[in-house]
Amino acid sequence: ALPISGKLPEGIGRIGSAPMAQHMDSDYVRIANVDGGSVNNDDSNDKPMLLPKEQEGVTATPLVWARLLLLWAASLVCGGITPGQSVWAELFQQDGFLSQMCGNSEQECDKQYVVIANILQTISALTAVWMLVCGILMDSQGTRACGVFGAALLAVGVCTLIVSLAYSSVTLFIIAVSFADCGSLLQNYGFYGLVFHFPGWQALVLALSNSCIQAAAFLPVGMKTMMRTFGFDLKEVLVLYVMLVCVGAAVTGVVVPSQKAYFEQAERVLGVPIPKPKASLLKVREALSASWRVLARQSWEVWFAGLLCTFSYTATSITYQTLAVPFGAAIFGDKQAGDAVGELFVRITSWEGVFIVPLTGLFVDLLGLSSLVISMGISVGIAAVFCAMPSWTAQSVAIFGSAFFTNVLFLFYMKYVLLFAPAERYGVVLGLFATFGVVLGAPLSLAIIAWATGSSDGLDAGKLVLSTRVLSLISTVGFLAYAVRLISGEKPKLTLLPEDEKEMMKRFYVSTIQDAVEYLGVPREQLLSMMVNQDVRVQRQLLELGESETVLASYTKLAKRRAAELKLPKPEAVREVLPDGSTVTPGSFDELMEALCASFGGGKGERGEPTMDYLCKGWDVEDARRQEVLRSFLAFNVAVGMQFGRALVLKNTEGVVEAVCICYP
């Protein structure tokens, strides 16, 4: 707060305060906060936050919607390997990759499939690590560069995959799949470049981004169909896929805005300048360190939720995402049935990604995070109950539950971390939290697979089902119990490091949350909820909160109190009489302002200060608007100098002010 005591002189206004909207009328809409309630401008709870329905340059145009749909189509193409890994493993097996593991008499065997599946499962577990890398690249290079580079990396990965299959090289295979998955995720970050083009529709954009990754599970099924129809082998189909990815890269480069355009749109929507990030290794290290400190301060419930996600993902992924084909063959006692189970999982995952996930994102925004937690617990339980039944209906139900959890897990991560991570650390905290699941989940998955496939007879479905049901039971009970806790209002709180609190409160011209709550008149939890709300209209409303007369008066009152609390030594009084009879004495506010306005504004043949002439071009020297600009520009400096330094005037023998000097401590 600015240190001003006594009566605030006329003409002093808050620095940097510019109204975002000129009037409040009936053409406004209610905006809900992250908890489903309405956010208010004052202490009462019965007045909704008001926002304009239409704002020039803010609402999404048909052209922007077309760009979003084209990006969605391009991202469907650039889906990578992980989403459909059960069918990919079958395709790699049929192509003869690692066929030496089956001996000279066989071209395909369960041991070969399990090893391929283990490799794919381990690589897919590294997705959380790629999230950290992608987040850093997005912040430093922009979403368009990320999207195009990601698609190019995916194309390189697929080309490397072709070579690895030709030479049966495990090392090249691991590099190829890693490049493909990292490139796919990086290309998908192009959606974040359109976030500010869709104020009020962020949940839909986020859900479409997530759906593309899961819908890409259908890609290997399409390749399999093409191979059967046209007689292509896998390598030839992969060459065609590389060409398709290159088209996707071109589309991404056209429809995703540049970093400059992204920041311009963000500034247009939020109404304030956005600082442009500068990448450096030091900043990356500081970001990782600070984000880890945020996670380390969380209570047991956050780590408990992360553990439940790890158990659930392990239970659902190893059964159908990793071992769908041998598991289906073991349940039905038929190899062809196993292939059908793998394809069924991919189809259901794809359709859920396209239709169910976007709808789920919208419903979660309406009903709250607890509804998502309940649905996750139920879906895991359903998968565990029906997975061992040799019935196509039962398998469809089990796969639906398993695929649903896999599809919405990342949505849960994004929504959950939003509760406690500061906005400027959100991406890195999210990556670290997901990495926690990888560190626990990858060894657990590999241990269960090794235990279930350790016998010479191949996969032991009984051991796999037992492991799945134990983990699912723990997860289902845990999720439902945690949902009750969320419904009761016990949620993780926003965790601010000391430096984060100071940085976040700069936008309100104070240094602590307590001061912001006091003068804005908004309860602490509501203010923090608004600050972490991803709806850009709510962010814009935060900037407009401080424009009312009531809030400005409250800010002035706070500033006066803070100034009174400061214990700075008062400079000694100055009074000097010069040899010619002129005097140097402390000046009054009016004396100082009159002299300064005359000096800066010009008149009596004087030119005035050049900046003021530029700002007030076309206005006469005596124009009231010109005087208002001058007083607004100078008043703060005078008031601060009078309070903490020296504000002196030089008067001639007739008492006329000839010069002014303001010294600050």
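In what sense do E4 and E5 pair, and over how many bridges? E4 and E5 pair in the antiparallel sense, over four bridges, where two strands count as paired if DSSP finds at least two bridges between them.

## Basis of the model

This is a predicted model, in which local features need pLDDT of at least 70 and side-chain atom pairs count only at pLDDT 80 or more, while totals for chains, interfaces and linings use all residues. Residues are numbered from 1 along each chain as its sequence is written, and side-chain values use heavy atoms, with hydrogens and water left out. Helices (H or I, at least four residues) and strands (E, at least two) are DSSP runs numbered from the N terminus.

Strands of a sheet pair through backbone hydrogen bonds, either parallel or antiparallel. Here four strands form an open sheet in the order E3-E4-E5-E6, with antiparallel pairing. Strand E3 (576–577) and strand E6 (657–663) stand at the edges with a single partner strand each, so one side of each is left without a neighbour in the sheet.

E3 and strand E4 (residues 583–586) are joined over two bridges in the antiparallel sense, and Glu-576 stands opposite Val-584 in E4. The hairpin of E3 and E4 has five residues between the strands, and in it Gly-581 takes a positive phi near 95 degrees. On the next pairing, Pro-586 stands opposite Leu-648 in E5. E5 and E6 pair in the antiparallel sense over six bridges, and the bridge partner of Lys-651 in E6 is Val-657. E5 and E6 also form a hairpin with five residues between them, where Gly-655 in the turn has a positive phi of about 80 degrees.

## Helices H15 and H18

The axes of helix H15 (residues 369–386) and helix H18 (residues 461–487) come within 8 Å and cross at roughly 160 degrees; axes are lines fitted to C-alpha atoms, for helices over the stretch in contact, and angles run from 0 to 180 degrees between N-to-C directions. H15 and H18 are therefore roughly antiparallel to each other (angles under 35 degrees count as roughly parallel, over 145 as roughly antiparallel, 65 to 115 as roughly perpendicular and the rest as oblique).

Contact (heavy atoms within 4.5 Å) is made by residues including Val-373, Gly-377 and Val-380 of H15 and Ser-472, Phe-479 and Ala-483 of H18. By class, the contact of H15 with H18 has 12 nonpolar, six polar and one charged residues; Ala, Val, Leu, Ile, Met, Phe, Trp, Tyr, Cys and Pro count as nonpolar, Asp, Glu, Lys and Arg as charged, and the others, Gly among them, as polar.

## Helices H8 and H9

Helix H8 (residues 219–230) and helix H9 (residues 234–255) have axes that come within 10 Å and cross at roughly 125 degrees, which makes H8 oblique to H9. Their contact is made by Leu-219, Met-223, Met-226 and Met-227 of H8 together with Leu-234, Val-237, Leu-238, Leu-240 and Tyr-241 of H9. By class, this contact of H8 with H9 has nine nonpolar, no polar and no charged residues.

## Aromatic pairs

Rings of Phe, Tyr and Trp (its six-membered ring) pair if their centres lie within 6.5 Å, with planes under 30 degrees apart counted as stacked, over 60 as edge-to-face and the rest as tilted, and by this rule the count comes to 21 aromatic pairs. The rings of Phe-97 and Phe-173 have centres 4.5 Å apart and planes at 25 degrees, so the pair is stacked. Phe-97 lies in the loop between helix H2 (85–94) and helix H3 (110–124) and Phe-173 in helix H6 (residues 170–188), so the pair ties together parts that are 76 residues apart in sequence.
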